[in-house]
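The following exercises are to be worked with the sequence and the model at hand. Each task is followed by a solution in steps.

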Amino acid sequence: MKTPEILEHLRRRIVSGEFPPGSKLPNRPELLAEYSVSVSAFQKCINQLIEWNFLESRGMKGIRVTANPPHLSRYALVFPTLPDHNELPDDTLYRSVKYELPAFQAEHPEIYFEFYRTGTAEAPVAAEFERLLADVSRGLLAGIIFFFFAPSREIQKKLGNFPCVVVSRDPNDTLHHYPFITFDTVELFRMCRERLLERGAKRIAVLVHSMLASARLTQIAELCADGRAFTPPEWILGLFHETGRPVLKRNLIRLLFSGLAGQRPDSLIVLNENLLPIACDALAELGLTPGTDVMIASHSNYPFEKEPLPQVDYFVFLVHDILENSFQQLTAREPRSLRILLQPHAISTTQKRNF
C-alpha cells in the first residue's frame with residue numbers, strides 16, 4: 001500500500017472504533033508486516049496522525065490513540081467573515097462567543113474548537129469551505145456550528161449526514177435541514193417593555209433588526225396594543241448595523257426623538273444591542289441623557305463584549321446556552337428537536353458590576 005492509503009486506512013480504523021480512545025496500537029513490526037511498508041514511510045503516517053491528534057507517542061510504551069481524538073472532540077465554529085480578518089465580524093454575538101469559550105471548555109475539557117471563516121453562502125470563501133470539507137472527510141471534526149448563515153445546498157450535499165447546527169437561521173429562510181437555534185425576540189421585547197412600564201414609561205419607541213421576521217413584528221405590534229403605553233407603528237424602526245452610513249441611522253433616531261418633551265418617546269427598547277451605540281450617539285447629539293431623559297431597555301449577549309452602560313436595563317441571551325444546546329444536538333444520536341428557542345434573562349446589577 002502507498003503511504004496515503006496507509007494513512008487513510010489507519011485513520012478509518014480509529015474512527016470506526018477498531019482502535020478506541022486510549023487503546024494501544026499493535027506493535028510496530030506487526031503493522032509493518034500488515035501494510036508491507038518501510039519503517040520511514042510508516043513513521044510518516046504515524047507522525048501525521050500524531051499531528052492530527054489521533055495518536056500520541058508513549059515512548060517505550062508504544063503508540064496509543066488519544067483520549068479525545070478529533071472525530072469525537074473537535075468542533076467547527078463557522079463564521080460568515082473573511083479569513084484574513086484579525087477580528088471577528090462586527091456583531092457582538094461573535095465576540096461574546098469568543099469570551100465564553102474558555103469557561104465552556106473548562107466545563108467540557110473533552111472538547112475543543114476550531115474557527116473557520118468561510119464567508120456567507122452568497123459570498124463564499126472557497127478555500128475555507130474546502131478546508132472545512134477536507135477536515136470533515138479526514139475525520140478531524142465531530143460536528144459543525146454555523147453562526148448566522150447556512151451553507152449552500154451544494155455544501156450541504158457534500159456534508160451529507162455529518163452533524164451540524166445552525167444558529168439563528170430558520171430553514172424556511174435559508175433552506176437547510178439542520179437543527180437550528182433561534183432567539184425568542186418576542187419574549188425579549190415583552191420583558192424589556194414590562195421593565196419600562198414598571199419604571200413609569202408612557203411613550204415607548206422600539207429599535208429592531210431590519211431583517212426581523214414579519215411574524216415577530218406582528219406579535220410585537222399586538223403586545224403594544226394593550227393600551228398600557230403609546231407605541232404607534234412609526235415608532236418601531238428597523239435598522240441594520242452592518243451596512244449603511246451611521247449618520248443616516250442616527251438621523252432617523254434623532255427624528256424620532258426631536259419632538260417636544262411631552263410628545264416624543266420617553267423610553268426606548270433596543271432589540272439588537274449592535275444598535276445601542278447608534279441610539280446613544282443620536283440621543284447625545286440631541287442633548288438627551290440615556291436613563292434620565294430617555295429610559296432604555298436593551299438586548300445583549302452575555303458575557304458582555306464591552307462594559308455595560310449603568311443607565312441601561314439589559315436582558316440577555318446567554319452564549320453558554322447557545323454552545324450547550326449546540327453541543328447536545330451534535331452529540332445526540334437523534335436530534336432532540338429541530339428548533340430550539342432560547343429564552344432571554346434579566347441581568348442583575350451585581351452581574352453588571354462584576355463585568
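Helices (H or I, at least four residues) and strands (E, at least two) are DSSP runs, numbered from the N terminus. Residues are numbered from 1 along each chain as its sequence is written. The model is predicted, so that local features need pLDDT of at least 70 and side-chain atom pairs count only at pLDDT 80 or more, while totals for chains, interfaces and linings use all residues; side-chain values use heavy atoms, with hydrogens and water left out.

**Exercise 1. Describe the chain as a whole.**

Step 1. The chain holds 14 helices and 14 strands.
Step 2. Along the principal axes, its C-alpha atoms fill a box of roughly 90 × 40 × 35 Å.
Step 3. Of the 355 residues, 49% count as buried (under 20% relative accessible area; exposed is over 50% and partly exposed in between, with a 1.4 Å probe and protein chains only).
Step 4. Among contacts (heavy atoms within 4.5 Å) with a separation of 6 or more, 66% come from residues 24 or more positions apart.

**Exercise 2. Examine the backbone at Y302, S36 and F148.**

Step 1. As a reference, most peptide bonds are trans, and most residues other than glycine have a negative phi.
Step 2. Y302 and P303 are joined by a cis peptide bond with omega about 15°. P303 belongs to the loop between strand 11 and strand 12.
Step 3. S36, which is not a glycine, has a positive phi of about 50°. S36 sits in the loop between helix 2 (28-35) and helix 3 (39-51), and counts as exposed because its relative accessibility is 64%.
Step 4. F148 also has a positive phi, near 65°, and lies in the loop between strand 5 (143-147) and helix 7.

**Exercise 3. Is S326 buried or exposed, and what does it contact?**

Step 1. S326 is part of helix 13 (residues 319-331).
Step 2. Its relative accessibility is 0%, and S326 therefore counts as buried.
Step 3. The S326 side chain reaches the backbone oxygen of I322 at 2.8 Å.
Step 4. Neighbours within four places in sequence aside, S326 is in contact with I145, V165, V167 and I181.

Conventions. Polar contact = N/O pair within 3.5 Å; in protein donor to acceptor, adjacent residues only side chain to side chain.
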